[in-house]
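Visitor: Hi! I have a structure open here and would like to talk it through. Could you walk me around it?
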Amino acid sequence: MKDKYKKIAIFILILVACFGGLNIYLNSRKESIKIDKSFNRAIAIKDNKLVEKVTIDIDGKLSDTHFVYRYLRYSKELKGTVVLNNEKYNISASSSLKNKTFEGVLTKDNNTLVSDFSVVISEDFKQICIYKGDYIIASPADTLNEVNTIYKDIVDIPRD
């Protein structure tokens with residue numbers, strides 16, 4: 001009977017050692033990528049009416065945070081700055097592995113707890129949607145309909 005418990009204990013220790021070794025290996029494979037992206041075809045709408053054309057410039061760093069075993073890939077975090085028509089905001093976004101987007105907030109002050117805007121960026125950095133209430137900025141868009149389509153595609157929050 002004692003031999004059986006010893007074998008179980010050794011098996012559990014081997015599993016823990018393998019899992020620990022795998023985590024150490026995966027942590028050593030983390031990467032960071034510099035992001036310098038401009039969105040020139042952005043439109044801002046408010047109350048479903050065209051407000052203005054906007055330029056969006058992102059300057060940041062995309063870093064691996066931790067390995068998500070469920071999706072067999074790293075979760076990523078985007079930190080940096082976003083310039084909206086010469087107004088500078090800090091961006092803090094992380095990957096939503098289920099939706100294949102980066103979701104986060106834009107804030108004027110780095111230490112504030114209240115966001116100025118919410119932001120969603122497609123994983124391939126081809127689409128962006130910045131929103132707060134009924135004010136939406138989306139790119140690439142040339143019409144009101146394209147802004148609404150991008151909002152529905154990547155934000156996935158119902159609007160009235």
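Guide: Happy to. One term to begin with: two strands count as paired if DSSP finds at least two bridges between them. By that rule, E5 and E6 pair in the antiparallel sense, over six bridges. Keep in mind that this is a predicted model.

Visitor: Which residue stands opposite Phe102 in E6?
Guide: That is Ile121.

Visitor: And what does E5 do on its other pairing, with E4?
Guide: Strand E4, residues 87-96, is joined to E5 by seven bridges, and the two run antiparallel.

Visitor: Is E5 largely enclosed or open?
Guide: Largely enclosed by the rest of the structure, because five of its seven residues are buried.

Visitor: Let's zoom out. How many helices and strands are there?
Guide: The protein has two helices and eight strands. Along the sequence the pattern reads α-β-β-β-β-β-β-β-β-α.

Visitor: What do the eight strands make?
Guide: A closed barrel, running E1-E2-E3-E4-E5-E6-E7-E8 with antiparallel pairing. From one strand to the next, the twist averages 25°.

Visitor: Where does helix H2 pack?
Guide: Helix H2, residues 144-155, packs on the sheet. The strands touched by H2 are E1, E2, E5, E6, E7 and E8, and the direction of H2 makes about 90° with that of E7.

Visitor: How many bridges join E7 to E8?
Guide: Five, between residues 128-132 of E7 and residues 135-139 of E8, and these strands run antiparallel. Cys129 stands opposite Ala138 in E8.

Visitor: What about the turn between E3 and E4?
Guide: Those two form a hairpin with two residues between them, and Asn85 in the turn has a positive phi of about 45°. The strands pair in the antiparallel sense over eight bridges, with Thr81 standing opposite Asn90 in E4.

Visitor: On to packing. Which residues have the most contacts inside the largest nonpolar core?
Guide: Ile56, Leu84, Leu106, Ile121, Ile130 and Ile137, in a core of 24 residues. The elements giving two or more residues to this core are E1, E2, E3, E4, E5, E6, E7 and E8.

Visitor: Let me click on Leu84. What is Leu84 in contact with?
Guide: Leaving aside neighbours within four places in sequence, Leu84 is in contact with Val54, Thr55, Ile56, Tyr89, Leu106, Phe117, Ile130 and Ile137.

Visitor: Which residues does the second core include?
Guide: That separate core has 13 residues, among them Ile43, Ile45, Cys129 and Val147.

Visitor: Last topic, the overall dimensions. What is the radius of gyration?
Guide: The protein has 21 Å, whereas a compact globule of 160 residues would have a value near 15 Å. The C-alpha trace spans about 75 × 30 × 30 Å along its principal axes.

Visitor: What share of the residues counts as buried?
Guide: 35% of the 160 residues. The accessible surface comes to about 10,500 Å², and 55% of that belongs to carbon and sulfur atoms.

Visitor: And how much of the contact set is between residues 24 or more positions apart?
Guide: Such pairs account for 40% of the contacts with a separation of 6 or more.

Conventions: Residues are numbered from 1 along each chain as its sequence is written. This is a predicted model: local features need pLDDT of at least 70, side-chain atom pairs count only at pLDDT 80 or more; totals for chains, interfaces and linings use all residues. Side-chain values use heavy atoms; hydrogens and water are left out. Helices (H or I, at least four residues) and strands (E, at least two) are DSSP runs, numbered from the N terminus. Axes are lines fitted to C-alpha atoms, for helices over the stretch in contact, and angles run from 0 to 180 degrees between N-to-C directions. Contact means heavy atoms within 4.5 Å. The radius of gyration is taken over C-alpha atoms; the globule rule is 2.2 Å times the number of residues to the power 0.38. Buried means under 20% relative accessible area, exposed over 50%, partly exposed in between (1.4 Å probe, protein chains only). Accessible areas come from the Shrake-Rupley method with a 1.4 Å probe; for residues, only the protein chains shown count as cover. A nonpolar core is a set of buried Ala, Val, Leu, Ile, Met, Phe, Trp, Tyr and Cys residues joined through side-chain atoms within 4.5 Å.
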